[in-house]
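Please examine the sequence and the model below before reading on. The explanation that follows moves from helix packing to backbone geometry, then to charged pairs and the surface.

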Amino acid sequence: MEQIRRTKIAELLKVTETGQLANVKGWVRTKRGNKQVNFIALNDGSCIHNLQIVVDVPNFDEAELKRITTGAAISIVGEVCESSGSGQKVEIHAKEIEILGDCDADKYPLQPKKHSLEFLREIAHLRFRTNTFGAIARVRHAMIFAVHEFFTQKGFLNIHTPIVTASDAEGAGEMFKVTTLDLDNPPKTEEGEIDFKEDFFGKATNLTVSGQLEGELAALALGEIYTFGPTFRAENSNTSRHLAEFWMIEPEMAFYDLDDNMDLAEEFLKYLIKYALDNCMDDLKFLSQRLQDEEKNKKADERTMELIEKLQFVIANDFVRLPYSDAIDLLINSKHNKKGKFKYPIDGFGSDLQSEHERFLVEKHFKKPVILTDYPADIKAFYMKQNDDGRTVRAMDVLFPQIGEIIGGSQREEDYEKLERRMKEMDVPAEEMWWYLDTRRFGSVQHSGFGLGFERLMLFVTGMGNIRDVIPFPRAPKTAEF
C-alpha cells in the first residue's frame, strides 16, 4: 500500500468527508472486543479525545494483535468511516497495523482506571499520557503563547534576565547558591570565611528569585518590557501552593503610575483567561468534570465554583480596587472575624494578610476579584514607591477566588535619595546595588511593574488543587526526581 502521510487525531476528528484512507499514530489507551472485532482507543496527545480504531480480527495476525496492549505505540492505516459510537463523528477501520513500540502490560503503571494525583506525581515521566496531564500540558502551552501574544500586540519587548545573579531582589535571603568551589575543602579568607573571590564569578552568586531589577534597567531605556523565565526560592515550604522552581512573568513599564499598572494587570489576566476559553474548551470541559467528580461528596457550600463559570466570572466583572487600610477595617469588622473563624487573627494595620483573608474579601465579601493597594511599607520590598503619609507604599496585589494573591506589583521608587535611605533601613547593600541606584541618577522617571506567578495562573485556569500538578516536573523540598 502506498505511503500515506500521518494525520494528527485532532485534525482527523474535524473532517466531515468519509471513505478516504488515513494514517494515524499514537498510544493505545484501551483495547476491547472479541474474536471477530477489536476496538482500540488511540491518543496521540494532540487533543483530549481518543480516536476509535475498528479492527476486523480475522484479517490480522493473532500474535501481532496480542502485542497491542494499553501503552503500546502503534501506526494505523485505514478507512475514515462515520462512527456509530457516541462522542465522535468518525472512526478508522484498520487495513494495516504496525507496532511502533511494545509495552510490557504487566509492568506498565498506567491502567484504564482512575489513578490518584499523588501516585501520578511518583511517575511524572509517564503522567503526560493521562487525560488530566495531557489537558494541563495543552492549556499550559496555550497560556505561554497568549502571554507572548498579549505583550507583543501592546509593543512590549521580551527581555531575558539572568538566572544566575549576585543580588537578592526581594531581600528574602532564601536563595539557592551557585558555586564551583570544592565543597569538601573550600578556600577560606584570613577571617576563616569562605573566600568567594576564588569562585567562578569572583563573588557569591545565587539562582534568581526575580528578573524585576534587571527588567527595570531595560524599561528605563526601552519603555515597556516583560520577562518570562524560571525563578527559584529555597524556602523549605512543603505546601500545595509553593514550588522551589517556578516561572514568572514580570512586565516593567516606564512612565506608568500605580493606576496604569492596575489597568494593565486586569487587562492581562482577562486576556489570558479569555484566550483559554476561546482555544482550550475541550480540555477545560474535561478538567471541569474532573473537578466536579472530585468534589461530589463535599457539601454544597464547600464545593468550588464550576471551572468554566469561574473563568467567565472573572472576565465579566470589573476588579474591585481598595486601599489595604480599608481591607483591614472590613476584615476586623466582619462576622467571620468576630466569630473567630480566621486561623490567623487580624491585629489591625500592619498585619500581613494571609490567603484566608484575601479569599474572604474576594469570595465572601465582594464576590469579585480584588486589587488591594497602598500597603504598609514595613511588610513590602525596598523598591516600592513611598507615599507621602510616610508609612505606606504604592503596592498592589491582585486577589482571585480560590487562589488569593495571583499578581503582586507596585509603582517603583524613582527618587534616588528615598530609595537609598530605604535600602539602608532594610539592610540592602547599596554598594552591591550601585547599578540599580544609577538608574535613579541618570534620567530617572516614574515607572511600575508587577509579577505573575505562571503556575498560580495555571492553578486558577485548570482548577487543579496542587501546584505540583500544573508544572511538568515539580521541584520542591526533597523532590528533584525526573
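Are α4 and α14 oblique or parallel to each other? In this predicted model, the axes of helix α4 (residues 131–153) and helix α14 (residues 454–462) come within 11 Å, and their crossing angle is roughly 125°. Angles over 145 degrees would count as roughly antiparallel and those from 65 to 115 as roughly perpendicular; α4 and α14 are therefore oblique to each other. The handedness of the crossing of α4 and α14 is right-handed.

Helix α14 is largely enclosed by the rest of the structure, because eight of its nine residues are buried. Among them are F454, L457, M458 and F460, along with E455 and T462. After α14 comes G463, with a positive phi near 80°.

Positive phi values also occur in residues other than glycine. K367 has a phi near 55° and sits in the loop between α11 (355–366) and β13 (370–376). With a relative accessibility of 53%, K367 counts as exposed. F482, in the segment after α14, has a positive phi near 70°. Its relative accessible area is 39%, so F482 is partly exposed.

The next topic is charge pairing. Side chains of opposite charge can pair when their charged atoms come close. The structure holds 26 salt bridges. One of them joins D44 and R6, at 3.3 Å from N to O. This pair links distant parts of the chain, 38 residues apart: D44 belongs to the loop between β2 (37–43) and β3 (51–56), and R6 to the segment before α1 (9–12). D44 is buried, at 12% relative accessible area, whereas R6 is partly exposed at 38%.

A salt bridge also connects D318 and K270, whose closest N and O atoms are 3.8 Å apart. Because D318 lies in the loop between α8 (307–316) and β12 (320–323) while K270 lies in helix α6 (residues 258–279), the pair ties together parts 48 residues apart in sequence. D318 counts as exposed, with 57% relative accessibility, but K270 is buried at 16%.

The side chains of E295 and K298 form a further salt bridge, 3.8 Å from N to O. E295 is buried, with a relative accessible area of 7%, and K298 counts as partly exposed at 38%. Elsewhere, salt bridges with shared partners join D263, E266, K270, D318 and R321 into one network.

F201 lies in the loop between β8 (177–178) and β9 (205–207) and counts as partly exposed, at 46% relative accessibility.

Technical notes
Residues are numbered from 1 along each chain as its sequence is written. Side-chain values use heavy atoms; hydrogens and water are left out. Helices (H or I, at least four residues) and strands (E, at least two) are DSSP runs, numbered from the N terminus. Buried means under 20% relative accessible area, exposed over 50%, partly exposed in between (1.4 Å probe, protein chains only). Axes are lines fitted to C-alpha atoms, for helices over the stretch in contact, and angles run from 0 to 180 degrees between N-to-C directions. Angles under 35 degrees count as roughly parallel, over 145 as roughly antiparallel, 65 to 115 as roughly perpendicular and the rest as oblique. A crossing is left-handed if the near helix is turned anticlockwise from the far one by less than a right angle, and right-handed if clockwise. A salt bridge is a side-chain nitrogen of Lys or Arg within 4 Å of a carboxyl oxygen of Asp or Glu.
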